[in-house]
Amino acid sequence: IAIFDTLYFSTESQGNLRLTCNWANGFLAREQATEGGQWGPLPDSRNNLAWRAVHLFRERAGVDLGAEIHITKRIPAEAGLGGASADAAAALVAANRLWKVDWSLSKLAALAAELGSDIPVLVSGTASVCRGRGEQLQPAKPANRLDLVVVKPPVGLSTADVYRHCKPAETPTAISPLLNGWKVGSAQQVATTMCNRLQEPAEQLAPDIIQLRKTCNSLGLLGHQMTGSGSTYFGICRHAKHARQVAAKLRAMR
């Protein structure tokens, strides 16, 4: 995926901890034209998850140094793409390295889980099965690449709102069939065993996701579903050429 945020971290000897966060050039016009949502105003310093992560890490590690942090945002907000969580993970990794604390990955992941359940896996930087509150990581290296198409609808979704509307399933879905397909490189098995319990409540909040699901049903995908708490949607394609064809059809529907 070509869209990414960039985080700059430099050590500050006086102990000050400052963070600035702005949309990248080219995204500013969308920010100015949108009230809230995916291109809306970004959280200020102490409300930013990356600042909170570094502040907590500094307290727990007993560090006296500070930092100047700047984040250039490109990942849409309220998209289920983990932009804020990835920024927090990157900030933790940078602080651990540049402040020369040298915590182990497991210790850093345990701290990250206090801030958000998806941050530990982003600290690790590899595909994993996540258990507990997200801090118990089991690396799961794929046997083959998957060709995906990712589409972000205009609407954004608050993670908290989606979780408030989600009810735990009476019968949990086992992960073993999906994990077996992942390990042997069977895109078909992965596609047919995926599950996201947050999709149903997200569809109640954003009918655009229902329309995306119906559209993806007509594109010959191996499987498709929402990512995270939404609103982004993705489909697993048969091969790279199929992915390019699907992407072109989706662009033409905008």
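**The surroundings of Ser 231**

Modeller: In this predicted model, the side chain of Ser 231 reaches the backbone oxygen of Val 155 at 2.5 Å. A polar contact also joins the side chain of Ser 231 to the side chain of Lys 152, at 3.2 Å. As for its place in the chain, Ser 231 belongs to the loop between strand 7 (223–226) and strand 8 (233–236). Although Ser 231 lies in a loop, this residue counts as buried, because its relative accessibility is 0% and the cut-off for buried is under 20%.

The residues around Ser 231 may be listed by their position in the sequence. With neighbours within four places in sequence left aside, Ser 231 is in contact with Glu 78, Ala 79 and Gly 80, with Lys 152, Pro 153, Val 155, Gly 156 and Leu 157, and with Ile 209 and Leu 212. Two of these partners, Lys 152 and Val 155, are those already named for the side chain of Ser 231.

Val 150 is located in strand 6 (residues 148–151). Val 150 is partly exposed because its relative accessible area is 40%, which falls between the limits of 20% and 50%. Together with Ile 1, Ile 3, Leu 81 and Leu 148, Val 150 forms a nonpolar patch on the surface. The accessible area of these residues together is about 480 Å². Thus Ser 231 is buried, whereas Val 150 is partly exposed and contributes to a surface patch.

Note on methods: Residues are numbered from 1 along each chain as its sequence is written. This is a predicted model: local features need pLDDT of at least 70, side-chain atom pairs count only at pLDDT 80 or more; totals for chains, interfaces and linings use all residues. Side-chain values use heavy atoms; hydrogens and water are left out. Patches are made of residues with over 30% relative accessible area and no salt bridge: like charges are joined within 9 Å, nonpolar side chains (Val, Leu, Ile, Met, Phe, Trp, Tyr) within 5 Å. Accessible areas come from the Shrake-Rupley method with a 1.4 Å probe; for residues, only the protein chains shown count as cover. A salt bridge is a side-chain nitrogen of Lys or Arg within 4 Å of a carboxyl oxygen of Asp or Glu. Helices (H or I, at least four residues) and strands (E, at least two) are DSSP runs, numbered from the N terminus. Buried means under 20% relative accessible area, exposed over 50%, partly exposed in between (1.4 Å probe, protein chains only). A polar contact is a pair of N or O atoms within 3.5 Å; within protein, one must be able to donate a hydrogen and the other to accept it, and residues adjacent in sequence count only if both atoms are side-chain atoms. Contact means heavy atoms within 4.5 Å.
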